[in-house]
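Dear colleague,

I am passing a structure on to you, and below it you will find notes on what turned up when I went through it. Please read them with the structure open beside you.

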Amino acid sequence: MAEIAEDGGGGHGKGGKKRAKKQSTRIDMTPMVDLAFLLLTFFVLTSTFSKPKSMELTFPAPPDDPTKQPAIKNAITFLLTKDDRIFYYEGEFRAADDDKGAKTALKETSFGQEGLHKYLAEKNKWLHENIKKLDEKLQNKQLADTTYKRMVKEAKASKETPTFLIKTDDKATYKNVIDLIDELNINVVGKYVVVDMIKPEFDMVNEKTGG
Amino acid sequence: MTPMVDLAFLLVTFFMLTASFRMAEPVVVDAPSSIGEVTLPDNHIMVTIDKDGRAFFGISNAAAKMAALREMSKKYNVSFSEPQIKKFSGLPSFGVDIKDLPRYIDASENERTNFKPQRGVPNDSLKDPQLKDWISFGGAEAVKIYNEAKKTAEERNQELKAEKPRYAIKCDGQTKYMNVKGVIKTFTDLKIYQFNLITSLEGGGTVIHPKTP
């Protein structure tokens, strides 16, 4: 726009023309780029990790009649208590021997591979084998996708699949509960539910832990 | 190199602008780990419980938070000024009695971390059910806002961007389960049965406990 032709008007000779030294117009951008990438990395990492993960859990609605205990067939009850200890019993709770069976005896297990994980894998064998069979059928295209989903659901709700009850006393920590639920999730169990501990169970646990 | 640098700066700008800085939470809570991979929904009502069993309450939606404070102020006869309500909407979760709340809001950020008494939101179902009221007012307002957003989206034939509010519980691993049970009881009393329990993501497949001595 504002260029002015600076030609003419002079009587300079050819040899007298002064030429500016050609200098590189590039500047060293490396430090700036370094900084840019540093900031980029920082923002990428902080923005993705700030979202916490969670596990969804549904609690049972309180029964209409609180005195009546719902009868659950094929139940396994976990009792959590202090010092990360975990007890369990199978079937219905019996405070004393009666005509239906002997008094409930608590067994102890531990969190981790050898204890809980092994026990759950064994108890859940029936469900796992069933799901495996269904998986194979799905792979061989003998089953439709929706049928597969329905049948897995049915297997989970079947009488053969144990229902897990989680009960805690006043000394158990939140971590124990989460770890147990997590282990149940890892083992793809059919049903589990967090419920309140009843007094005879509480006494039995206290007897085991010594107060 | 120039295109690459251009791109890098573009991304930097994008992330800087989208990043929202969270204020420091009043308590440090070390959540236990699990394999749960559900990310916490953006629209949530959260109760945080610390090691000592104190309950802290927070709502992610600022408008719902302000409305809930107005309702609470009416019910408990504690008055808040308009700037206080506005400031409150930007705060993270809090764990104080409603009577101390005006003082808590006016405090500077440093004073807030050492605020006394910070005994948690009272959760006595008979005498002082403040937590229950917070959850019930906050939940009602959040749902109202969601429904309005849904309605306007339907009227204008737009895609619904808002999420349904969810209830979340964040707890320290060492919290006694009894305290958590108390809060869950408060929720179930309000006929809310579905929660997101916040956990940190675990690397491995199985939980292996270090045996406590």
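**What was found**

B:D106 is partly exposed, because 13 other C-beta atoms lie within 10 Å, where 20 or more would count as buried and 12 or fewer as exposed. Please keep in mind, here and in what follows, that this is a predicted model. B:D106 belongs to helix α4 of chain B, which covers residues 101–106. From B:D106 to B:P83 the separation is 23 residues in sequence, while in space the two are 9.7 Å apart, C-alpha to C-alpha.

On the side of α2(B), the contact is made by B:A63, B:A64, B:A67, B:A68, B:E71, B:M72 and B:K75, and on the side of α6(B) by B:D133, B:W134, B:F137, B:G138, B:E141, B:A142 and B:I145. Sorted by class, the residues of this contact between α2(B) and α6(B) are 9 nonpolar, 1 polar and 4 charged.

In the pair with α7(B), the axes of α6(B) and α7(B) come within 10 Å and cross at roughly 50°, an angle that makes α6(B) oblique to α7(B). The crossing of α6(B) and α7(B) is right-handed. Here B:L131, B:K132 and B:I135 of α6(B) meet B:T186, B:F187 and B:D189 of α7(B), and the contact of α6(B) with α7(B) consists of 3 nonpolar, 1 polar and 2 charged residues.

Turning to chain A, its secondary structure comes to 6 helices and 6 strands, which follow one another along the sequence in the pattern α-β-β-β-β-α-α-α-β-α-β-α. Chain A has 211 residues, of which 20% count as buried. Among the contacts in chain A with a separation of 6 or more, 67% are between residues 24 or more positions apart.

Which residues of helix α2 of chain A (residues 113–123) are buried? They are A:L116, A:H117 and A:L120, and because they cover an arc of only 90° around the axis, they lie on the same side of α2(A). The other side of α2(A) carries A:E114, A:K118, A:A121 and A:E122, which are exposed. As for what the buried residues of α2(A) pack against, the partners are β4 (107–109) and α5 (174–186) of chain A.

Finally, there is the question of how the two chains meet: 44 residues of chain B are in contact with 41 residues of chain A. On the side of chain B that touches chain A, the elements that give two or more residues are α1 (2–18), β2 (38–39), β5 (166–171), α7 (177–189) and β6 (194–201) of chain B. The residues on that side of chain B comprise 25 nonpolar, 16 polar and 3 charged.

Note on methods:
Residues are numbered from 1 along each chain as its sequence is written. Chains are lettered from A and ligands numbered from 1 in the order in which they are written. This is a predicted model: local features need pLDDT of at least 70, side-chain atom pairs count only at pLDDT 80 or more; totals for chains, interfaces and linings use all residues. Two residues are in contact if their C-beta atoms, placed from the backbone, lie within 7 Å. Helices (H or I, at least four residues) and strands (E, at least two) are DSSP runs, numbered from the N terminus. Ala, Val, Leu, Ile, Met, Phe, Trp, Tyr, Cys and Pro count as nonpolar, Asp, Glu, Lys and Arg as charged, and the others, Gly among them, as polar. The arc is that of the directions from the helix axis to the C-beta atoms. Axes are lines fitted to C-alpha atoms, for helices over the stretch in contact, and angles run from 0 to 180 degrees between N-to-C directions. Angles under 35 degrees count as roughly parallel, over 145 as roughly antiparallel, 65 to 115 as roughly perpendicular and the rest as oblique. A crossing is left-handed if the near helix is turned anticlockwise from the far one by less than a right angle, and right-handed if clockwise.
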